Amino acid sequence: MKDRYLDFVNSPFGTSIARSLGLPRPEALRRHRADRAEFGGIAAIGAGPSPARFDDLMAVLSAIGMTSVAHESASGWLPVAARHGAMSGRFEPRARDSLASDRVEALIFDATGIAQSSQLHALYAFFHDALRSLAKNGRIVVLARPGATSTSMAGVAAATAQHALEGMVRSLGKEARNGITSNLLRVADDASFESALRFFLSPRSAYVSGQVVTIDAPSADPQSWTKPLAGQRALVTGAARGIGAAIAATLAEHGAIVTGLDVDAARDALDQTMLSIEDASPSGGAHAALVADIATPEAPAEIAAALVASGGIDIVVHNAGITRDKTIARMTDEMWDSVIDINLLAQERIDEVLLGQNVLRDDGRIVAISSIGGIAGNRGQTNYATSKAGVIGRVRALAPLLRERGVTINAVAPGFIETQMTARMPFGVREAGRRLNSMGQGGLPVDVAETVAWLASPGSAGITGNVVRVCGQSLIGA
Ligand code: NAD
């Protein structure tokens with residue numbers, strides 16, 4: 001469904017009306033486009049004491065073609081840049097009235113060495129000086145350490161300061177506006193963050209803000225960063241329309257061969273979706289439509305048989321989901337049972353077979369679609385929120401058990417996404433869902449799809465048991 005307010009306030013006429021009436025003007029988000037460079041411009045670098053990841057950060061910036069300038073908090077950056085043969089200069093804070101052309105595209109802060117709360121001042125110094133210099137649709141990324149069990153008082157102090165970063169990063173996202181996103185990457189010493197940094201610096205993460213992602217194991221680089229899923233086979237449930245159709249199309253665009261699954265009633269739509277994917281990302285007819293109802297007991301075996309016949313599977317995306325809304329006193333047994341069954345139990349049944357029979361290959365990826373309803377709860381959605389919270393619980397509990405096989409499992413929790421599901425909402429609820437987030441607008445199915453594709457990438461092997469919200473930093477459940 002079209003967001004007419006967003007279109008209006010970003011039109012030449014609407015812009016001046018909005019300005020004169022003092023109306024909020026959500027930024028038109030810059031999303032990925034094949035005909036536009038994914039990265040570019042300048043990143044301003046800041047740091048706390050003893051930053052541990054400058055070399056890795058420099059290597060990623062060089063690989064994606066971004067130049068850098070160092071804030072005074074990051075005095076060690078210039079020698080690192082020189083060692084890498086990269087151009088870098090000093091960051092000059094932008095005067096209030098200076099021209100738009102001296103903006104930077106990203107603010108990146110290495111907080112890995114922060115071990116006491118008094119050292120958090122370095123974040124204040126950097127963002128105080130630099131936030132005004134960040135361009136519209138710019139990116140804020142803070143690198144930090146994963147949470148650890150403390151065995152000493154020094155460890156407690158470090159854990160305290162590292163956790164404090166979450167409040168900083170989330171507040172920056174709310175303050176920055178203008179389509180700017182702000183995210184925190186907690187990276188273990190032996191883990192690579194290239195896959196995550198590329199995602200969070202790119203337009204592919206346009207609607208992902210205020211998130212904390214933990215990367216706690218090493219990963220190999222994909223053969224190609226432009227087609228990271230080349231040669232991989234993916235299953236997407238609920239692929240006929242909405243978010244599932246976008247996930248199927250995006251995985252194919254990233255190089256995967258996709259099997260899209262949906263119910264018999266959606267057969268025509270599913271065929272259409274898979275045909276259009278074949279047109280956009282040709283696979284020589286290898287993309288396939290699979291008709292199955294995941295609510296039936298025989299579905300897991302049918303799905304496994306179809307996947308084995310087509311050569312096994314590397315990526316499973318549990319996307320199919322339903323809502324049957326009523327307050328609990330009015331909710332029927334059937335409304336409760338069908339939602340829990342399709343949104344949660346079906347994922348358990350399918351994974352049991354795909355993992356138990358090794359249909360999902362080692363180093364595979366499972367991405368389960370949850371919802372911010374599962375984090376915040378929702379009036380009239382006890383069944384839905386229970387099922388979606390269950391998805392998160394399952395991802396967290398299963399992740400450690402799958403590590404030995406190199407399989408990762410993560411949840412993606414969309415906020416308000418423009419689909420047929422949300423088009424059916426009453427006007428007031430729909431408008432609240434759209435506006436009550438840092439972007440002032442709803443997300444698009446492709447925003448969820450890009451997040452799934454990033455988590456499914458070989459470069460994301462170190463990311464497991466995470467929940468990533470695609471909600472424009474919704475105020476609900478934040
Ligand atoms: P949608 O209703 O547009 O599409 C869901 C698809 O799943 C449909 O094609 C449907 O036929 C299929 N499906 C339903 N039951 C099935 C079954 N038993 N077997 C096989 N396929 C089945 O929904 P959407 O908005 O695209 O949502 C996709 C996922 O994202 C869902 O899990 C939903 O809960 C979640 N989500 C959506 C939003 C949003 O704003 N749209 C927000 C949060 C979470």
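Guide: In this predicted model, the C-alpha centres of domain 1 and domain 2 lie 31 Å apart.

Visitor: What makes these two domains, and where are their bounds?

Guide: The bounds come from an automatic or database domain assignment. Domain 1 covers 31–215 and domain 2 covers 233–470.

Visitor: How many residues does the contact take from domain 1 and from domain 2?

Guide: Domain 1 gives 22 residues and domain 2 gives 26. They count because contact means heavy atoms within 4.5 Å.

Visitor: How much area do the domains bury between them?

Guide: About 1900 Å², with 55% of it on carbon and sulfur atoms. That value is summed over both parts. On the domain 1 side, Arg31, Arg204 and Tyr207 supply 37% of the area buried against domain 2, more than any other three residues.

Visitor: Why is the pairing of Arg204 and Glu450 called a salt bridge?

Guide: The cut-off is 4 Å, from a side-chain nitrogen of Lys or Arg to a carboxyl oxygen of Asp or Glu. Arg204 and Glu450 meet at 3.0 Å, N to O, so the pair qualifies. Across the interface of domain 1 and domain 2, the rule finds 3 salt bridges.

Visitor: How many residue pairs are in polar contact between domain 1 and domain 2?

Guide: The count is 10, with both residues at pLDDT 80 or more.

Visitor: Which elements give two or more residues to the side of domain 1 that touches domain 2?

Guide: α6 (153–176), α7 (194–201) and β7 (212–215). The residues of that side divide into 10 nonpolar, 8 polar and 4 charged.

Notes
Residues are numbered from 1 along each chain as its sequence is written. This is a predicted model: local features need pLDDT of at least 70, side-chain atom pairs count only at pLDDT 80 or more; totals for chains, interfaces and linings use all residues. Side-chain values use heavy atoms; hydrogens and water are left out. Buried area is the accessible area (1.4 Å probe) that two parts lose on being put together, summed over both. A polar contact is a pair of N or O atoms within 3.5 Å; within protein, one must be able to donate a hydrogen and the other to accept it, and residues adjacent in sequence count only if both atoms are side-chain atoms. Helices (H or I, at least four residues) and strands (E, at least two) are DSSP runs, numbered from the N terminus. Ala, Val, Leu, Ile, Met, Phe, Trp, Tyr, Cys and Pro count as nonpolar, Asp, Glu, Lys and Arg as charged, and the others, Gly among them, as polar.
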